[in-house]
Number of protein chains: 2
Amino acid sequence: MNQFWTETVRRLSPYVPGEQRHGDDIVKLNTNENPWPPSAKVLAAITAVDGDALRRYPDPESTGLCTVLAKHHRLESEQVFVGNGSDEILALAFLAYFTDGQGLQYPAISYSFYPVYCDLYGIEKRPVEMGDQFLLELEKFKVNQGGIVFPNPNAPTSRAVSRANIESLLRRHTQQVVLVDEAYADFGAESVIPMINDYPNLLVCHTFSKGRSLAGLRLGVAYGDAGLIEGLRRVKNSFNSYPVDALAQQAGIASIQDNDYYQQTVAKIIATREWLVTELEQRQFSVLPSAANFIFVSPSGSALELFNRLNKAAILVRYWPDSPIDQWLRISIGTEADMQRLLKVVDDEPG
Amino acid sequence: MNQFWTETVRRLSPYVPGEQRHGDDIVKLNTNENPWPPSAKVLAAITAVDGDALRRYPDPESTGLCTVLAKHHRLESEQVFVGNGSDEILALAFLAYFTDGQGLQYPAISYSFYPVYCDLYGIEKRPVEMGDQFLLELEKFKVNQGGIVFPNPNAPTSRAVSRANIESLLRRHTQQVVLVDEAYADFGAESVIPMINDYPNLLVCHTFSKGRSLAGLRLGVAYGDAGLIEGLRRVKNSFNSYPVDALAQQAGIASIQDNDYYQQTVAKIIATREWLVTELEQRQFSVLPSAANFIFVSPSGSALELFNRLNKAAILVRYWPDSPIDQWLRISIGTEADMQRLLKVVDDEPG
């Protein structure tokens, strides 16, 4: 504690990201990174950026990238907003749309950054209890109890809800923003981007960090009604005019343009996931149905014991000691070789 | 206006950056960019980053870059904080240190983002009147009238205050944070970084955008007491865990390591500035004494007329129509060839 910290700083409990341990022998399955590198065309686009582009400010509105993304999703550019990772977009969106004094509803088991943003801005937290097997039951979200945010598929539970289910929510919940965080939607969930023209309170968040293998570059996108997007731009231009650097803008464009490569890597990850799920179920693990690039599993023995055993073998997965998820592990999908190493440790006797 | 915007969004008057018009024939002297490209070693560091580094999250705390910067300034790493441009650092610092309900003092003629941050966070604005010729008179800042922020040298006026002058302020003003924004200090002001160990409320902000030719990459730094820096980290980790991408971290390290190149380009800019000042004074311009990579000048005729004439000749400079600076132009220092083109338009008859 420091004498100059304001109340705001004192009340914070900052987000704790997964450990960033690196090394040749480490299998890193704890932050849902893509095991495959980005497209060669992305690397070429980065190398093509010259000193003249670096000495100048980047386009503050990332116009070129927004245009390419809009075309990709059959939207208008003014329905697209680009930020420094989807976390920055969430941070700006919470400030723009959830500081109305009415609180925020989000799943009780979900992305742990949501309550952190609430603390930062003094938003009342209204976690909504999960159903059986951590099912996200959208009918539990109440009208006029504040805005709504949830990931689809949810993290860390990996479960997705259907587009029809989200549309029912949007038909009911028309007075406040509904933010659908589709960070992991590439791997099996139905995107609600096609519904943006029908629901002016729907905001959808994407990232280049997962399906597009660009976590190192910090690139996130929001899609929504032009009015909602304009609100994000106003907050952005009151916080940081140039959040997305020149290299990230060019890399993002190249990634969207090489969509075949992206689809191939996503397909490989899904295939590895399905195979791993079968393997783990044969070993008496409970595995929730996953639409993400990670799985949420409960071993027949102690989750903490397995977490420690994997850690000792240089295999990093994510474990939260908090009930009711203290018997579960979140495992990112790596290459098949990564998964074989994981299974080998699982098959070793504890102790 | 959109029905879903909160009061926060409605009350904003976002910052308006200088125009980002590009083209082969444009001489861009309106956003204080460096006319020289970054060091070849910076470009090499960017090219060396591979797909494996891009698919992974970057180090959330930019440890390597902070260590290099700490060594460069003879500080400890925990006295250094890196962000996505110095604007992001200002945005985080305002939230961490100026939202205590006591308001904020800043020069009445200064960086126009300061009042924008105040509006964003609801901080009471206390602009402090300038002295003669836009002199920044630090003795006008009051004790117990809230925190203090000022650029040194000031923007857009280009004038610097001395280290001794700032030390007097710090001796008096001990209960709230004093943020010295040294974005342009490379070009002639005395940095107060050597005083950080003596004043626990002193926060100093730097950028890689000006002297280090990396505006396109978005890299800013804050230096201060470890407690102040820890406050920034807490806010950052409640806003966006990974604000600085893998390429920017490596480029930043390479830039600091190639300090000779940086010193050479800064020296060239200062030489061009001094020559241009002489040329303009011979043409009856009032020119304020500049310690920056721009000059603040008042032509003998109308500033707006000259601004328009330059604009028509594809030479962009910055003009604000607001009194008392409506007879002044801010001109970034370009190459000598850029400045020759500017002088040619100046010498043309109006009309």
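Helices and strands here are DSSP runs numbered from the N terminus, with at least four residues (H or I) for a helix and at least two (E) for a strand. The peptide bond that leads from B:Ala155 into B:Pro156 is cis, and its omega is near 5°.

Some ground rules before going on. This is a predicted model, in which local features need pLDDT of at least 70 and side-chain atom pairs count only at pLDDT 80 or more, while totals for chains, interfaces and linings use all residues. Residues are numbered from 1 along each chain as its sequence is written, chains are lettered from A and ligands numbered from 1 in the order in which they are written, and side-chain values use heavy atoms, with hydrogens and water left out.

Chain A has a cis bond to show as well. A:Ser323 and A:Pro324 are joined by a cis peptide bond with omega of about 0°. The loop that holds A:Pro324 runs between strand E11 (315-316) and strand E12 (329-332) of chain A.

Now chain A as a whole. Its secondary structure comes to 12 helices and 12 strands. The C-alpha trace spans about 55 × 50 × 50 Å along its principal axes. What radius of gyration does chain A have? The value is 20 Å, which agrees with the figure near 20 Å for a compact globule of 351 residues. That radius is taken over C-alpha atoms, and the globule rule is 2.2 Å times the number of residues to the power 0.38. Of the 351 residues in chain A, 64% are buried. Buried means under 20% relative accessible area, exposed means over 50%, and partly exposed is in between, using a 1.4 Å probe and protein chains only. Take the contacts (heavy atoms within 4.5 Å) in chain A between residues at least 6 apart in sequence: 72% of them join residues at least 24 apart.

One example is A:Ser13, in the loop between H1 and E1 of chain A. A:Ser13 touches A:Val116 and A:Asp119, leaving aside residues up to four places away in sequence. A:Ser13 and A:Asp119 are 106 residues apart along the chain, yet their C-alpha atoms are separated by 7.6 Å. A:Ser13 counts as partly exposed because its relative accessibility is 46%.

Two residues of chain A have a positive phi without being glycine. For A:Asn32 the angle is about 55°. For A:Arg218 phi is near 60°. Its loop lies between strand E7 (202-207) and strand E8 (220-224) of chain A, and A:Arg218 counts as buried because its relative accessibility is 3%.

Back to chain B, and the loop between strand E6 (178-181) and strand E7 (202-207), where B:Gly188 is placed. B:Gly188 is exposed, with a relative accessible area of 55%. B:Ser191 lies in the loop between E6 and E7 too, but B:Ser191 is buried, at 18%. The side chain of B:Ser191 reaches the backbone nitrogen of B:Ile193 at 3.1 Å. Beyond residues up to four places away in sequence, B:Ser191 touches B:Arg163, B:Glu182 and B:His206.

Last, the two chains together. How many residues of chain A are in contact with chain B? There are 83, against 82 residues of chain B. The chains bury about 6700 Å² between them, 60% of it on carbon and sulfur atoms; buried area is the accessible area (1.4 Å probe) that two parts lose on being put together, summed over both. A:Phe4, A:Tyr57 and A:Phe239 supply 13% of the area that chain A buries against chain B, more than any other three residues.

How many salt bridges does the rule find across this interface? It finds 0, a salt bridge being a side-chain nitrogen of Lys or Arg within 4 Å of a carboxyl oxygen of Asp or Glu. Between chain A and chain B there are 38 residue pairs in polar contact, both residues at pLDDT 80 or more. A polar contact is a pair of N or O atoms within 3.5 Å; within protein, one must be able to donate a hydrogen and the other to accept it, and residues adjacent in sequence count only if both atoms are side-chain atoms.
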